Amino acid sequence: MVASLEISRVPSSFTPASRLWLIVLVLSMSAGADRLAIGQVPSVPAPPPTRFMVVLDAAHGGDDTGGKLSDGQPEKAFTLALSVRLRSLLGARGMQVITTRESDSAVDLNRRVEIANHANAQACLSLHASESGTGIHLFVSSLPPAPSPEGVRFLAWKTAQSAWVTRSLALAGVLNSVLLHAGMTVTLGRTALPAVDSMSCPAVAIEVAPETAAAGVQGQPSTSQLNDPAYQARVAEELAAALLEWRTDAGRTEATQP
Amino acid sequence: MISRFQTVLFCILLAASIVMGGVLWHLRDRAHQRLVAGEDSAPTSAPTVAPAEQATLLVANDADSSMLAQVQSLPLPQDPGARARAILGKLLDLYAAPNATHPVQGGAASVGQTNPHAESRRAHNEPAQTQPAASPAAANGPEMAVVNLTSAFVASHPSGIESETLTLLSICGTLHANLPQVTQVRFLVDGRSRPTLAGHADLTRTYLAAEADNTEAQHP
């Protein structure tokens with residue numbers, strides 16, 4: 001029916017060959033429309049599973065010691081230890097991990113950003129530690145959100161994260177949810193960090209502080225210090241669990257997209 | 001009998017003495033004039049003490065990453081730059097006090113200058129260290145405040161994302177709460193740009209004061 005209507009509108013000036021091609025085209029379009037109308041999915045091959053890449057940025061290093069923790073340990077040593085531990089846990093969960101440093105070496109901020117941006121990662125975590133505050137502090141860039149990265153061809157170096165702020169907030173939400181579920185104290189905030197502001201991936205700065213738990217049965221509040229190996233392991237485990245959930249969420253989002 | 005040579009020598013010495021006396025008299029007069037001029041520039045009336053006014057300070061708290069508004073009564077000058085500096089000095093005095101909720105050494109002396117500028121001046125790329133916009137007309141428009149911190153304050157500031165962010169946000173929020181025309185804040189250290197406050201928070205970017213003021217409600 002559709003084809004006959006379309007053919008009747010073909011100008012008489014068309015050559016017979018042109019008319020034939022036009023008929024074939026209209027018939028194929030009408031057939032496709034019929035398939036879609038009855039709910040059939042075109043037989044498009046399923047896309048191969050996308051790799052899930054995580055970038056771990058152990059802050060500071062080399063001459064840049066970062067803050068000084070209570071036991072005299074520099075922040076750079078804590079962040080490196082956490083990065084190594086987290087890389088191992090994520091690798092065991094089938095994720096590809098890229099780290100910005102593997103030893104006590106100075107890595108320029110721009111170099112860190114280059115590593116993260118070239119990786120085209122699904123999550124970029126900047127790892128920090130501090131003695132002030134309690135629990136885990138999650139920070140997302142305070143840049144205002146810009147249009148989605150798909151629609152942006154050029155990103156300014158110092159504000160590249162603005163195109164990813166919405167995704168970064170979603171990543172921080174997943175981290176927050178998992179950490180809270182594990183009974184940890186979490187603080188969410190926005191900040192201006194030069195490295196994170198230049199990253200073109202969902203990026204969250206994670207600052208680990210001593211954890212002070214509420215008074216238990218004994219009536220004494222317990223404090224987990226940064227140099228406590230059990231606390232470090234717990235933090236790494238929960239971060240790995242959160243990234244696993246983030247990967248699941250990301251896969252679910254891709255599956256629902258046409 | 002006095003020889004001719006001795007007479008001539010006596011005359012020369014006498015003339016030299018008279019000339020030297022004249023020069024000394026002239027120098028004395030000049031010194032006196034300078035002294036009189038100095039006395040004229042000395043204050044002849046006691047300085048007026050600015051009346052105490054209510055100022056709202058956004059005080060950071062490291063324990064729960066919050067910022068709470070505190071109303072303090074302190075003498076505030078009318079000049080916007082001096083007013084901002086007095087308010088920030090009080091805020092940093094609170095941080096330098098024992099048992100502070102957000103301990104940072106330095107106190108009021110940590111703020112070198114605080115210059116609110118008219119936004120129009122910034123648009124014309126005028127240098128940052130211009131004079132404060134003191135006229136009421138300029139005070140009504142959006143302004144950028146340039147806070148000049150001392151290197152001693154920055155050197156003694158605790159390192160950490162949360163700690164540094166709270167310091168900057170509390171300064172921005174306090175400025176906006178008391179000088180609503182201040183919408184943007186930039187930070188210098190000893191008059192120069194510096195990458196970060198203490199290794200984390202970016203000091204090269206322009207902070208939106210209104211956002212910092214609203215952060216009080218966003219933090220748990």
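**Architecture of chain B**

Read from the N terminus, the elements of chain B follow the order α-β-β-α-β-α-α-β-α-α-β-β-α. This amounts to seven helices and six strands. The model that shows this arrangement is a predicted one.

Chain B has 220 residues, of which 35% are buried.

**A loop residue in chain B**

Although Ser65(B) is a residue other than glycine, its phi is positive, near 55°. Ser65(B) counts as buried because it has 24 C-beta neighbours inside 10 Å, and the cut-off for that class is 20 or more.

**Confidence in chain A**

Chain A has a mean pLDDT of 81, and 71% of its residues reach 70 or more. Residues 1–10 of chain A stay under 50, and the model gives them ten contacts beyond four places in sequence. The pLDDT is also below 50 over residues 24–46 of chain A, a stretch with seven contacts beyond near neighbours in sequence. Where pLDDT is low, predicted coordinates should not be read in detail.

**A loop residue in chain A**

In chain A, the loop between strand 1 (53–58) and helix 3 (75–92) holds His60(A). His60(A) is not a glycine, yet its phi is positive, about 65°. The 26 C-beta neighbours of His60(A) inside 10 Å are the reason why His60(A) counts as buried.

**Helix 5 of chain A**

Helix 5 of chain A covers residues 165–181, 17 residues in total. From its first C-alpha to its last, helix 5 reaches 24 Å, close to the 24 Å expected at 1.5 Å a residue.

The buried residues of this helix include Val165(A), Leu171(A), Val174(A), Leu175(A), Val178(A) and Leu179(A). Arg167(A) and Ser168(A) are also among the buried residues of helix 5. After the helix comes Gly183(A), with a positive phi near 85°.

**Where the chains meet**

Between the two chains, 19 residues of chain A are in contact with 19 residues of chain B. On the side of chain A that touches chain B, at least two residues each come from strand 4 (136–141), strand 5 (186–191), helix 6 (194–197) and strand 6 (203–208). Strand 5 of chain A supplies the largest share, three residues.

By class, this side of chain A has eleven polar, five nonpolar and three charged residues.

Key: Residues numbered from 1 in each chain as written. Chains lettered and ligands numbered in written order. Predicted model: local features only at pLDDT ≥ 70, side-chain atom pairs only at ≥ 80, totals over all residues. Helix = DSSP H or I, 4+ residues; strand = E, 2+ residues; numbered from the N terminus. Expected span 1.5 Å × (residues − 1). Buried ≥ 20, exposed ≤ 12 C-beta atoms within 10 Å, placed from the backbone. Nonpolar A, V, L, I, M, F, W, Y, C, P; charged D, E, K, R; others polar. pLDDT = per-residue confidence, 0-100.
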